[in-house]
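Q: I would like to learn how to read a model of this kind, feature by feature. Could you take me through the general idea each time, and then through the case at hand?

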Amino acid sequence: MSSPALIEIEDAEVYRGDTRVFEGLSLRIEQGESTAILGPNGAGKSTLLRLLSREIYPVHREGSGVRILGRERWDVFALRRRLGLVSYELQMAYPREVRGLDVVLSGFFASAGLHEHEPPTGAQRGRAEAVLRELGVAHLGDKPIAEMSAGEQRRCLLGRALVHDPEALVLDEPTTSLDLKAAFELVDLLRRLVRHGKTLILVTHHVHEIPPEIERVVLLRRGRVFADGPKREALTDDNLSRLFDVPLSVVERDGFFQVFPRSS
Ligand SMILES: Nc1ncnc2c1ncn2[C@@H]1O[C@H](COP(=O)(O)OP(=O)(O)OP(=O)(O)O)[C@@H](O)[C@H]1O
Ligand SMILES: [Mg+2]
């Protein structure tokens with residue numbers, strides 16, 4: 001039997017509050033098929049990721065559903081072991097006094113911060129320390145979040161997502177508020193992860209930060225898939241200009257893409 005798709009969304013209708021974000025959304029991403037998702041503010045990108053992390057569910061009806069790794073139903077803890085999540089909201093959810101190692105360890109408990117009644121085991125602690133070392137931030141283990149730079153915080157959060165060695169990482173604008181060096185270091189890290197077999201689902205506004213290893217791009221607009229395909233076919237002047245409603249021009253260099261304004 002072939003392995004199930006990483007994500008299979010069929011004809012989903014999704015609300016947030018009174019806002020209907022998706023109507024008839026269908027999208028399938030295979031395991032190993034790293035994908036970047038782009039679109040204007042409010043297009044539904046973060047909502048899509050929350051469908052994957054089971055923080056939001058579609059309206060229940062016949063012929064519609066969201067399957068992750070072949071399953072409709074998931075225990076959140078089991079799902080966290082398979083999909084690692086990084087988002088700015090998650091980073092903000094952490095109490096400022098939580099230390100680097102505890103941020104990583106919290107991945108084992110699908111929580112923000114640690115709870116007294118769930119002390120980590122020695123093996124979990126060892127694994128968390130190894131992850132911090134792999135990410136080049138072993139020195140942050142004892143440092144409270146409040147005293148870390150945005151880039152350091154983001155690495156610890158990535159560590160939290162990686163502590164279970166999940167097959168896929170779901171990243172919502174992971175370089176927000178990082179400087180160029182920190183952002184490109186994170187991109188380098190992501191590139192290494194893809195090369196080591198992780199699947200990335202990356203939402204970003206920074207086209208130049210899409211790792212060359214990500215070959216598929218989905219453009220979302222007003223809750224609909226506006227374009228979807230190999231990067232070169234999706235990231236065209238015409239598509240991006242229509243997507244963002246402003247004349248744009250795309251340039252490719254060394255496998256990276258960048259977008260410039262175009263005078264019309
Ligand atoms: N908690 C909420 N309650 C009601 N509506 C919401 C809520 N969160 C988001 N929305 C609405 O859902 C739509 C999609 O929002 P979403 O956050 O998915 O957009 P996005 O593509 O991630 O945008 P951005 O690029 O700004 O992050 C928007 O119209 C937004 O106003
Ligand atoms: Mg968003």
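A: Let us begin with burial: a residue is called buried if 20 or more other C-beta atoms lie within 10 Å of its own, exposed if 12 or fewer do, and partly exposed in between, the C-beta atoms being placed from the backbone. Asp 254 is exposed, because 5 other C-beta atoms lie within 10 Å. This is a predicted model, in which local features need pLDDT of at least 70 and side-chain atom pairs count only at pLDDT 80 or more, whereas totals for chains, interfaces and linings use all residues. Residues are numbered from 1 along each chain as its sequence is written, and chains are lettered from A and ligands numbered from 1 in the order in which they are written.

Q: Where is Asp 254 found, and what is its phi near?
A: Most residues other than glycine have a negative phi. Asp 254 has a positive value, near 50°, and is found in the loop between strand 10 (248-253) and strand 11 (256-261); helices (H or I, at least four residues) and strands (E, at least two) are DSSP runs, numbered from the N terminus. Ser 177 also has a positive phi, near 65°, and its place is in the loop between strand 6 (168-172) and helix 7 (180-195). Ser 177 is partly exposed, since 14 other C-beta atoms lie within 10 Å.

Q: In what order do the 3 strands of the open sheet stand?
A: Two strands pair if DSSP finds at least two bridges between them. The order here is 2-1-4, with antiparallel pairing. Strand 2 and strand 4 (65-68) stand at the edges with a single partner strand each, so one side of each is left without a neighbour in the sheet. Neighbouring strands of this sheet are turned by 30° against each other on average, direction ignored, where axes are lines fitted to C-alpha atoms, for helices over the stretch in contact, and angles run from 0 to 180 degrees between N-to-C directions. Strand 1 (residues 7-16) is joined to strand 2 by 7 bridges, and Ala 12 has Leu 25 in strand 2 as its bridge partner.

Q: Which strands of this sheet does helix 1 touch?
A: Contact between two residues means that their C-beta atoms, placed from the backbone, lie within 7 Å. Helix 1 packs on the sheet by touching strand 1, strand 2 and strand 4, and its direction makes about 120° with that of strand 1.

Q: What is the strand order in the open sheet of 6 strands?
A: The order is 5-6-7-3-8-9, and the pairing is mixed. Strand 5 and strand 9 (224-230) are the edge strands, each pairing on one side only, and the twist averages 15° from one strand to the next. Strand 5 and strand 6 pair in the parallel sense over 5 bridges, with Ala 168 in strand 6 as the bridge partner of Leu 83. Strand 3 (residues 35-38) and strand 7 (residues 199-203) run parallel, joined by 3 bridges. Helix 1 lies across strand 3, strand 5, strand 6, strand 7 and strand 8 (216-221), running at about 150° to strand 6.

Q: How many residues of strand 5 are buried?
A: In strand 5 (residues 83-87), 5 of its 5 residues are buried. Leu 83, Leu 85 and Ser 87 point one way, Gly 84 and Val 86 the other way, and all are buried.

Q: Which residues have the most contacts inside the largest nonpolar core?
A: A nonpolar core is a set of buried Ala, Val, Leu, Ile, Met, Phe, Trp, Tyr and Cys residues joined through C-beta atoms within 7 Å. The largest has 66 residues, and those with the most contacts inside it are Ile 37, Val 104, Leu 132, Val 170, Leu 171, Ile 201 and Leu 202. Leaving aside neighbours within four places in sequence, the contacts of Val 104 include Ala 128, Val 131, Leu 132 and Cys 156.

Q: Which elements give two or more residues to the shell around ligand 1?
A: A residue is near a molecule if its C-beta atom, placed from the backbone, lies within 6 Å of it. The residues surrounding ligand 1 include Arg 16, Thr 19, Asn 41, Lys 45 and Thr 47. Strand 2 (19-29) and helix 1 (45-52) are the elements that give two or more residues, and helix 1 gives the most, with 3 residues.
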